[in-house]
Amino acid sequence: MSPHTPAALRQRTASPSLPRRALLALAATLACSAAMPLHAQPNASGWPAKPVKLVVGYAAGGATDVIARLVAVKLGDQLGQPVVVDNRAGANSNVGAEAVARAPADGYTLYVYTIANTINATLYPKLGYDPVKDFEPIGLIAKIPNILVVNPKLPIKNLADYVRYAKESKDGITFASSGSGSSIHLSGEMFKMQSHLKMLHVPYRGSAPAVTDLLGGQVDSMFDNTPSALPHVQAGKLRAIAITSAQRSPLLPDVPTLAESGYAGFDVQSWFGLAAPAGTPRAVVEQVNAALNKVLAQPEVRTRLQELAATPEGGSPDKMRQFAAAEIKRWREVVKASGASAE
């Protein structure tokens, strides 16, 4: 018989060896446990005892926000407290990142740490936070590849055509982006470095106006995020030439990767992870990490992410720490080579 079953509790109630105060405390503990789902019990420290805030460095409606809200709901189910999304847009996510870096390290403020934070480490000469020292990695959420798309009016059917067009054109080939230093921009710069093609970057203030001009023929191509480009590709308004991830996308199975098209090792994806302010207790980090991995294993979450062209990741805090450090190093080289700057 378990010492915490109702029958055992009745037996202990009749025994004078258990003080009344201890008995009442035990009864209260059992009542709380019974009222709380097994998967949502707090750890020994009692965390979380109130709602948790999840800061997103972008406005509502974008890929980062959509993924954050999907994960937040499911994390709340696992943790037993609501996880509330707080959009702090501005300066390519730096506004939100700085707010989290200065927040109390008590586990009640989390952050959607993205590829932008690793790029910003070099792109911005001065930051109000340290992308490495001011954050405690928790775990990767997902990755989304970019797609090299062109205006279908161009005589470009595949990557070989793209390369030939760039070489034969007097001015090379233009590629649009959502802004200097964005993952969309730097995907193009990385390809430019590997291909040695003459490519002219045309920056815009956001992906939407860039895509509009691409559709209108004002620019030739773009390494756009898959969720943004996919509807236009499916409608025949843009032509997909290659995908930037190491594997093909199940949403575009006929579109080859850049790696298999002659650029071995090319693997660029936008990615999203969870982080907390530096100094957050390890027990809390591990609890959120365990909850995140459970969320990402749920079939409905995986299906929804795949609909967004995202590949669920997960893994340990150390895996995310090592990955982010490698990304900072990689993008430092690309940013310097491209001459991109936030100023």
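This is a predicted model: local features need pLDDT of at least 70, side-chain atom pairs count only at pLDDT 80 or more; totals for chains, interfaces and linings use all residues.
Which residues lie nearest the centre of the largest pocket?

**Figure 1. A look into the largest pocket, with a volume of about 710 Å³.** Tyr58, Thr64, Ser178, Ile184 and Asn225 are the residues that lie nearest the pocket's centre. They belong to a lining of 28 residues.

**Figure 2. The whole chain, for orientation.** Here we have 12 helices and 10 strands, built from a protein chain of 343 residues, 48% of which count as buried. Take the contacts with a separation of 6 or more: 75% of them come from residues 24 or more positions apart.

**Figure 3. Helix α5, a mostly covered stretch spanning residues 115–123.** Of its 9 residues, 8 are buried: Ile115, Ala116, Asn117, Thr118, Ile119, Asn120, Thr122 and Leu123. What do these buried residues pack against? Their partners are α4 (94–101), β3 (109–114), α7 (183–195), β9 (269–277) and α12 (317–338).

**Figure 4. Zooming in on Thr118 of helix α5.** Thr118 counts as buried because its relative accessibility is 0%, under the 20% cut-off. A polar atom of the Thr118 side chain sits 2.6 Å from the backbone oxygen of Ile115. Setting aside neighbours within four places in sequence, Thr118 is in contact with Tyr113, Trp271, Ala324, Glu327, Ile328 and Trp331.

**Figure 5. Helix α4 and its buried residues.** Asn94, Gly96, Ala97 and Val100 are the buried ones in α4. Looking down the axis of α4, the buried residues fall within an arc of 160°, so they line one face of the helix. Those residues pack against β1, β3, α5, β4 (135–150) and β9.

**Figure 6. Asp65, a buried residue in helix α3 (residues 63–79).** Why does Asp65 count as buried? Its relative accessibility is 3%, and anything under 20% qualifies. The Asp65 side chain reaches the backbone nitrogen of Gly61 at 2.9 Å. Once neighbours within four places in sequence are left out, Asp65 is in contact with Val56, Ala59, Ala60, Val85 and Asn87.

**Figure 7. Inside the largest nonpolar core, a set of 43 residues.** Tyr113, Tyr162 and Phe191 touch the most other members of this core. Helix α12 gives the most to it, with 6 residues. Nonpolar side chains tend to be buried together in soluble globular proteins.

Figure 8. The cis bond joins Trp47 and Pro48, with omega at about -5°. Pro48 lies in the loop between α2 and β1, and Ala49 lies in that loop between α2 (20–35) and β1 (52–56) too. Is Ala49 buried or exposed? Ala49 is exposed, as its relative accessible area is 59%, and exposed means over 50%. Ala49 touches Gln81 and Tyr108, leaving out residues up to four places away in sequence. Gly80 is 31 residues from Ala49 in sequence, but the C-alpha atoms of the two are 8.7 Å apart in space.

**Figure 9. Positive phi values at Ala91 and Asn92.** Most residues other than glycine have a negative phi, and most peptide bonds are trans. Ala91 has a positive phi of about 55° although it is not a glycine, and the phi of Asn92 is near 55°. Ala91 belongs to the loop between β2 (83–87) and α4, and Asn92 also lies between β2 and α4. What are their accessibilities? Ala91 has a relative accessible area of 43%, so it is partly exposed. Asn92 counts as partly exposed too, at 25% relative accessibility.

Key
Residues are numbered from 1 along each chain as its sequence is written. Side-chain values use heavy atoms; hydrogens and water are left out. Buried means under 20% relative accessible area, exposed over 50%, partly exposed in between (1.4 Å probe, protein chains only). Helices (H or I, at least four residues) and strands (E, at least two) are DSSP runs, numbered from the N terminus. Contact means heavy atoms within 4.5 Å. A polar contact is a pair of N or O atoms within 3.5 Å; within protein, one must be able to donate a hydrogen and the other to accept it, and residues adjacent in sequence count only if both atoms are side-chain atoms. A nonpolar core is a set of buried Ala, Val, Leu, Ile, Met, Phe, Trp, Tyr and Cys residues joined through side-chain atoms within 4.5 Å. The arc is that of the directions from the helix axis to the C-beta atoms. On a 1 Å grid over the protein atoms alone, a cavity is a set of points where a 1.4 Å probe fits but cannot get out, and a pocket is an open set with protein on both sides within 12 Å along at least five of seven lines; lining residues have an atom within 4 Å of a point. Grid points are joined across faces, edges and corners, and a volume is the space filled by probe spheres set on the points.
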